[in-house]
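Dear colleague,

I am passing on the structure below, together with some notes on what was found in it. Please keep it open while you read.

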Amino acid sequence: MNPAVSQTRDLARIALFAAIIAALGLIPAIPLPFLPVPITAQTLGVMLAGAILGSRRGGAAVLIFLLLVAIGLPLLPGGRGGFGVFFGPTAGFLLSWPLGAFVIGLLMERFRERVNLFTATLFNLAGGVAVIYAGGIAWLAFVAGVPFMGALTGSAAFIPGDLIKAVVAASVALTVHRAY
């Protein structure tokens with residue numbers, strides 16, 4: 001394949017997934033009264049980017065999305081955007097998104113021959129939940145002055161939804177990979 005065509009395809013896919021993450025931000029967030037972090041659909045986009053595009057391209061798609069947020073586009077739920085969102089109590093979750101997508105993609109690439117719905121779901125949980133929660137909870141505890149265990153316990157409310165997102169992302173990714 002012509003390298004220019006391959007690069008153009010990669011850029012188009014990266015842009016598409018940045019747009020998918022943005023579109024998922026249009027789904028209204030579900031606020032939780034006891035935490036400053038709402039339940040959103042955008043982490044599904046992060047999981048899909050890593051699982052479908054792979055480590056480098058998936059991470060790049062999420063980075064582009066975050067750059068668009070940083071320059072002020074209102075792409076986060078509730079129309080939030082701007083550099084200030086990267087200093088609030090939820091910033092650790094956002095800043096962990098590219099690494100989460102990268103980890104998902106890396107696992108999908110490394111175990112390509114043995115990926116099934118169960119393993120793909122585990123990979124989405126590893127990158128899309130464990131990595132993102134680690135950064136988000138640590139940041140939340142630090143910025144909000146909440147004890148780490150309190151932040152960890154409070155985040156447990158998100159686990160059921162994230163389990164569903166991980167299964168959906170795994171199923172979609174496997175279908176896309178089969179189509180290729």
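Does Ser155 count as buried or exposed? Ser155 counts as buried, because its relative accessibility is 2%, where buried means under 20% relative accessible area, exposed over 50% and partly exposed in between, with a 1.4 Å probe and protein chains only.

This is a predicted model, in which local features need pLDDT of at least 70 and side-chain atom pairs count only at pLDDT 80 or more, while totals for chains, interfaces and linings use all residues. Residues are numbered from 1 along each chain as its sequence is written, and side-chain values use heavy atoms, with hydrogens and water left out.

Ser155 lies in helix α6, helices being DSSP runs of H or I with at least four residues, numbered from the N terminus. A polar atom of the Ser155 side chain lies 2.9 Å from the backbone oxygen of Ala151.

Among the buried residues of α4 are Phe93, Trp97, Pro98 and Met108.

Finally, Phe83, Phe86 and Phe87 form one aromatic cluster, and both Phe83 and Phe87 are exposed.

Best wishes

Note on methods. Helices (H or I, at least four residues) and strands (E, at least two) are DSSP runs, numbered from the N terminus. Rings of Phe, Tyr and Trp (its six-membered ring) pair if their centres lie within 6.5 Å; planes under 30 degrees apart count as stacked, over 60 as edge-to-face and the rest as tilted. A polar contact is a pair of N or O atoms within 3.5 Å; within protein, one must be able to donate a hydrogen and the other to accept it, and residues adjacent in sequence count only if both atoms are side-chain atoms.
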